[in-house]
Amino acid sequence: MSKKINQAPRGTRDILPDEQVYFSYIEKIFESVVNSAGFRKLYTPAFEDTNLFVRGVGKGTDVVEKEMYTFNDKSGNSLTLRPEGTAPVVRAYLEDGMQSWPQPVKLYYYMPMYRYERPQAGRYREHWQFGFEMIGDKDPIADVAIISTASRIFKKLGLIDQVNVQLNSIGCQNCRPKYLKELKEYYGLNLKKVCVDCKRRYETNPLRLLDCKEAKCQPLIEEAPQSINFLCDDCHKHFKETLELLDEIGTNYEINPRLVRGFDYYTRTVYEFWTQTDGYALGGGGRYDRLVEILGGKPTPALGFSSGVDRIVEELKKHPEIVINQESAADVFVAQIGEEARKSCLKLLNGLWDQGIRAEGCLDKGSISEQLSMANKLKTKLTLIIGQKEAFDETVIIKEMDSGNQEIYPHEKIIQEVKKKLK
Ligand code: HAM
């Protein structure tokens, strides 16, 4: 028997009920913000044709070169577990006829992603992302809408003071080649000084030279030519208007000329939301004006943002002052003692569940004190107690857990009384 049979695969984990509280809190806030901004939900399959990512994300990217979970199915099709959500959303936009919907099409998702990365704090092989994409809008107002919506999510999560919004423009297919030529010339003269990975990046994906974390590459990055100095007139105007609009609505940001993002699909304005302290990104995104066309559609501007839920959970845990809306697992606990009481308890629980009341009960033979301590742990508002006498009298004791007050009611009045007290 494999010794791994009772272990989750490396880089994955179970998300237990206590953590679910955070996941639900984030999902609820995320959904309320994007719903009010007019985004609608979609899910895409957990796996896609491998070529979607090779073509969409780009052959020379770390994700495609090193991090994809790719396998052949029994018919020999090459499939890949979704490493990110943008290419699948654009594939769905094309496949599901969304080009004929009123534009822009605004979609959001909350889904797990899969990347074969070296696991460490905040980095998992299965991680969750929330994201939202706007397809069919070229105006800088759309960029500002995405960045400010992302900021609003962090504000509502209570984390806006913990994040630092960084922006850059990496130009378009017209101006970027000139910039890349300059960048390659600069690195070409200094190739001996860079790390092994950068030697590879120099050949396959020079933009990512600026993204290297190796200490020995930092001095070169500092002095490297910057994309914002090579923008064509259209990209320059687009970026300038984006910044002016952000200033106008009072969204804070910082320009980071070294921000390039990891995927080939990006054009023009890109952004990342960084934690102030431990230096990892809580979210990122940007324009991808050529992706629809690369995947076989007609030229359509688009942009979006996504965020790592696991990382946000870790950030929230560092700030106990942020009150997470901790819902108790149940509002009512039903405790019983004795054989007849057990039967009444079952009947009562079913009556409560029928009325949509969140109720828990112990049908096992625990002592009353064990059952009351269970009710305390569940943080229920009420505990209903059925002892042998109550079972005989067809009555129930309702105990209010906060005040400790308790009263006796006949069976037929219980549901009505519970509803009244829970209001
Ligand atoms: P990304 O920057 O690769 O962008 O991922 C988005 C966020 O997911 C990151 O900022 C980070 O918080 C989180 N994340 C990424 N990898 C991991 C990991 N291994 N473990 C935990 N969290 C992780 C995208 O995926 C683009 N699709 C974003 C986008 C949407 N661009 C346009 N629209």
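Q: Where is aspartate 331 found?
A: This is a predicted model, in which local features need pLDDT of at least 70, side-chain atom pairs count only at pLDDT 80 or more, and totals for chains, interfaces and linings use all residues. Residues are numbered from 1 along each chain as its sequence is written, and side-chain values use heavy atoms, with hydrogens and water left out. Helices (H or I, at least four residues) and strands (E, at least two) are DSSP runs, numbered from the N terminus. Aspartate 331 sits in the loop between H11 and strand S12 (332-336).

Q: Is aspartate 331 buried or exposed?
A: Buried means under 20% relative accessible area, exposed means over 50%, and partly exposed is in between, with a 1.4 Å probe and protein chains only. Aspartate 331 has a relative accessible area of 13%, so the word for it is buried.

Q: Which residues does aspartate 331 touch, leaving out those up to four places away in sequence?
A: Touching here is contact, meaning heavy atoms within 4.5 Å. With residues up to four places away in sequence set aside, the list for aspartate 331 reads Arg358, Thr380, Lys381, Leu382 and Leu422.

Q: How many of the 9 residues of helix H11 are buried?
A: Helix H11 covers residues 309-317 and is largely enclosed by the rest of the structure. Among its buried residues are Val309, Ile312 and Leu316, along with Asp310. Because so much of H11 is covered, the count of buried residues reaches 7.

Q: How far is a nitrogen atom of the ligand from an N or O atom in the side chain of glutamate 133?
A: A polar contact is a pair of N or O atoms within 3.5 Å; within protein, one must be able to donate a hydrogen and the other to accept it, and residues adjacent in sequence count only if both atoms are side-chain atoms. Tyrosine 265 brings a polar side-chain atom to 3.2 Å from a ligand nitrogen, and glycine 308 has a backbone N or O atom 3.2 Å from a ligand oxygen. For the side chain of glutamate 133 and a ligand nitrogen, the distance is 2.8 Å.

Q: What part of the ligand's exposed area does the protein bury?
A: Accessible areas come from the Shrake-Rupley method with a 1.4 Å probe, and for residues only the protein chains shown count as cover. Taken alone the ligand exposes 660 Å², and the share that the protein buries is 95%.

Q: Where does histidine 238 lie, and how far is its C-alpha atom from that of proline 140?
A: Histidine 238 lies in helix H9 (residues 233-249), and it is buried, with a relative accessible area of 7%. Its contacts, not counting residues up to four places away in sequence, include Lys138, Pro140 and Arg268. Histidine 238 and proline 140 are 98 residues apart along the chain, yet their C-alpha atoms are separated by 6.0 Å.

Q: What is the phi of arginine 268?
A: Most residues other than glycine have a negative phi, and most peptide bonds are trans. Arginine 268 is found in strand S9 and is buried at 15% relative accessible area. Its phi is positive, near 50 degrees.

Q: Which peptide bond is cis, with omega near -5 degrees?
A: Look in the loop between helix H4 (86-95) and strand S5 (105-114), where proline 104 is found. The cis bond runs from glutamine 103 to proline 104.

Q: Which residue takes a positive phi in the hairpin of S15 and S16?
A: Two strands pair if DSSP finds at least two bridges between them. Strand S15 (residues 395-400) and S16 pair in the antiparallel sense over 5 bridges, with threonine 395 opposite proline 410. The hairpin has 5 residues between the strands, and the one with a phi near 85 degrees is glycine 404.

Q: Is glutamate 412 buried or exposed?
A: Glutamate 412 lies in the loop between strand S16 (406-410) and helix H15 (414-422). Its relative accessible area is 66%, so glutamate 412 is exposed.
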